[in-house]
Amino acid sequence: MRHSKQRWKHCRSFLTIFFGDLFSPLGPCPPTANNDHSSLFHQRCRLSNSKIRRIVPVVSLIVERLQNVLFITVDQWRAECLSHFDHPVVQTPNLDRLARRGVAFRNHYAQIAPCGPSRASLYTGMYAMNHRSVTNGTPLAARHTNIALEARAHGYDPVLFGYTDSSVDPRTVAITDARLKTYEGVLPGFRAVCDLPEGDPQLWLRWMQAHGEAVDPEGDWRTFVDAPVDNYPGVDEWGPHRAPTKYRAEHSQTHFLTDQVLEYLQHHREHHEATEQGASWFAHVSYLRPHPPFFAPEPYNTMYSPESVPDLVRAETDGLEAETHPLLGMVLNVEWISGPRNVKHLQQMRATYYAMQTEVDHHIGRILDWLDTTGQAEHTMIVLTSDHGEQLGDHYLTQKLGFFDQSYHVPLIIADPRAEFEPGRGRIVESFTENVDITPTLCDLIDREIPLQCDGRSLRGWLRGETPAHWREEAHWEWDLREPADRRTETALDLTMEELSLCVLRDAHGKYVQFAGHGKLPHIFFDLDNDPNELHNVASDPQYAPQVLEYAQRMLAWRMRHMERALSGTKVTGLGAISHRAERR
């Protein structure tokens with residue numbers, strides 16, 4: 001609201017200067033509660049209908065012009081994989097230049113894995129313990145708002161390129177609704193310009209086929225998309241991830257999606273220039289890569305030497321690793337999770353993963369170049385983050401799961417071109433931030449009231465070069481193992497599905513993990529000062545008992561502070577309903 005008042009003040013000044021006696025204000029004229037600026041002119045200004053018609057186009061340009069929003073997600077991207085953070089292998093020159101224009105957050109964490117529940121937290125600003133969409137396929141309750149709905153209510157037309165992995169609330173649709181058969185639905189509020197669900201990316205497949213690739217969109221397209229070239233040199237020594245994809249780099253999904261984004265932006269620009277309108281846009285670009293399978297097109301597949309990748313973080317043997325916790329011992333026996341045991345194959349897998357990131361970086365650079373060339377950059381805020389990380393062989397695991405940092409530590413870069421944020425440019429924030437902060441931040445930056453449901457906080461202060469008061473000193477995340485459709489994890493662990501979850505509190509010195517099935521799944525504590533690689537669970541060590549108790553109490557207090565609060569700050573009195581809103585801490 002404070003920024004709306006500033007915009008109105010500047011608008012009045014402009015009108016007084018350029019229209020003189022056409023504009024005779026009756027005094028301060030702040031926006032209405034619903035930001036209905038047009039009604040203000042009719043209600044508060046002495047103007048004839050003819051005069052209103054003469055100035056409304058100018059007022060619309062000044063008052064209604066919003067910043068463009070480019071909201072980018074990259075899937076399964078580990079936080080350290082930026083050359084801006086001095087990674088020893090991967091090169092990300094375009095994300096680096098974005099970071100120089102804005103702020104990079106070094107200790108940023110997702111709130112849950114895998115994709116669906118993590119994006120629920122990202123888009124709603126809520127911890128999983130509150131939105132309760134905890135697995136791929138768990139519906140997101142329709143009562144929750146989200147960033148797309150908020151942006152749309154604020155005057156944007158939020159468009160989607162990619163996917164959001166949102167499961168529809170079955171209580172809001174007919175039992176025959178096709179959306180009930182996939183967890184890869186579109187988040188309410190977004191208009192899908194290019195819908196590319198990972199399980200059925202038909203737009204990309206048909207485009208590839210039209211460009212000469214030997215893919216059959218109606219048949220077993222995964223044998224073409226997800227399998228590499230056969231008999232590729234070096235595979236015998238370095239494993240299958242050395243081989244390139246069967247499609248060419250110019251036909252990759254990353255290339256295709258970027259083409260679609262640029263085509264939309266160019267059309268939007270030309271249309272609004274032709275109609276003399278300055279309409280702003282809100283685009284969510286959701287890249288699939290570097291999500292598995294870990295195969296890159298030529299020449300990316302051999303871009304980085306497998307011998308140059310960082311050392312694996314893990315115990316001496318998988319048996320020693322399994323001793324950390326019974327749950328870890330169980331998942332290490334699942335082949336598609338534990339990954340290859342051959343060290344050279346693991347090294348190549350990591351090198352290919354880094355190459356996939358560089359490919360994504362290249363195409364994000366194409367968008368940045370377009371923004372610069374067209375002058376749109378000076379009106380466009382950019383937010384880039386990931387839904388979760390990737391184990392990448394660390395702790396003998398692949399994928400995203402459990403309690404290790406590698407699965408939840410993700411990048412965050414925010415760049416806003418406005419002068420207000422000049423003091424923060426190029427800054428690297430070391431404090432803990434979370435994906436639940438993204439929706440509050442975007443709402444704040446577009447001057448939309450932050451929804452009460454949000455568990456996170458706006459990062460605006462950090463962007464301005466400040467250090468916000470009472471900022472959190474830890475990160476939090478959850479993981480849920482339930483499988484309501486077949487109950488296999490319940491059977492394997494002899495627990496109910498309500499006992500199949502864990503919660504993590506991690507600060508600079510320690511990490512505490514609490515399991516809902518506490519009787520059978522013991523808690524975990526890692527002393528990060530002495531064990532930064534998280535190899536020794538010391539939760540049952542008597543000398544750590546005071547620290548374990550302290551962290552457990554902090555976790556309980558955190559959960560209590562963030563309980564659902566839709567009406568808890570409201571009281572019905574003789575004067576009516578009175579509400580108060582406290583800051584999240």
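Thr 573 stands opposite Gly 576, a residue of strand E15. This is a predicted model, and this pair is a friendly place to start looking. Strand E14 covers residues 570-573 and strand E15 covers residues 576-579; the two run antiparallel and are joined by 4 bridges. Together E14 and E15 make a hairpin, with 2 residues between them.

## The open sheet

Now turn to a sheet with 8 strands. It is open, its pairing is mixed, and the strands follow the order E5-E4-E6-E1-E7-E8-E2-E9. Which strands stand at the edges? They are E5 (191-195) and E9 (427-434): each has a single partner strand, so one side of each is left without a neighbour in the sheet. From one strand to the next, the twist averages 20°.

Inside that order you can find E4 (residues 158-162) beside E6 (residues 282-287), a parallel pair joined by 4 bridges. Here Phe 161 stands opposite Val 285 of E6.

On the H11 side, the contact includes Thr 254, Val 261, Leu 265 and Arg 269, while the H15 side includes Glu 359, His 363, Ile 367 and Trp 370. By class, this contact of H11 with H15 has 6 nonpolar, 6 polar and 4 charged residues.

## H11 meets H8

How does helix H8 (residues 202-210) pack against H11? The angle is about 100°, and the axes are 10 Å apart. That makes H8 roughly perpendicular to H11. In this contact, Leu 203, Trp 204 and Trp 207 of H8 meet Gln 253, Phe 256 and Asp 259 of H11. By class, there are 4 nonpolar, 1 polar and 1 charged residues.

## A covered helix

Is helix H16 (residues 438-445) mostly covered or mostly exposed? It is mostly covered, with 8 of its 8 residues buried. Among them are Ile 438, Pro 440, Leu 442 and Cys 443, along with Asp 444. Just after H16 comes a backbone detail to look for: Asp 447 takes a positive phi of about 65°.

Technical notes
Residues numbered from 1 in each chain as written. Predicted model: local features only at pLDDT ≥ 70, side-chain atom pairs only at ≥ 80, totals over all residues. Heavy atoms only, no water. Contact = heavy atoms within 4.5 Å. Nonpolar A, V, L, I, M, F, W, Y, C, P; charged D, E, K, R; others polar. Pairing = 2+ DSSP bridges. Buried < 20%, exposed > 50% of the residue type's maximum accessible area, 1.4 Å probe, protein only. Axes fitted to C-alpha atoms, helices over the stretch in contact; angles between N-to-C directions. Parallel < 35°, antiparallel > 145°, perpendicular 65-115°, else oblique.
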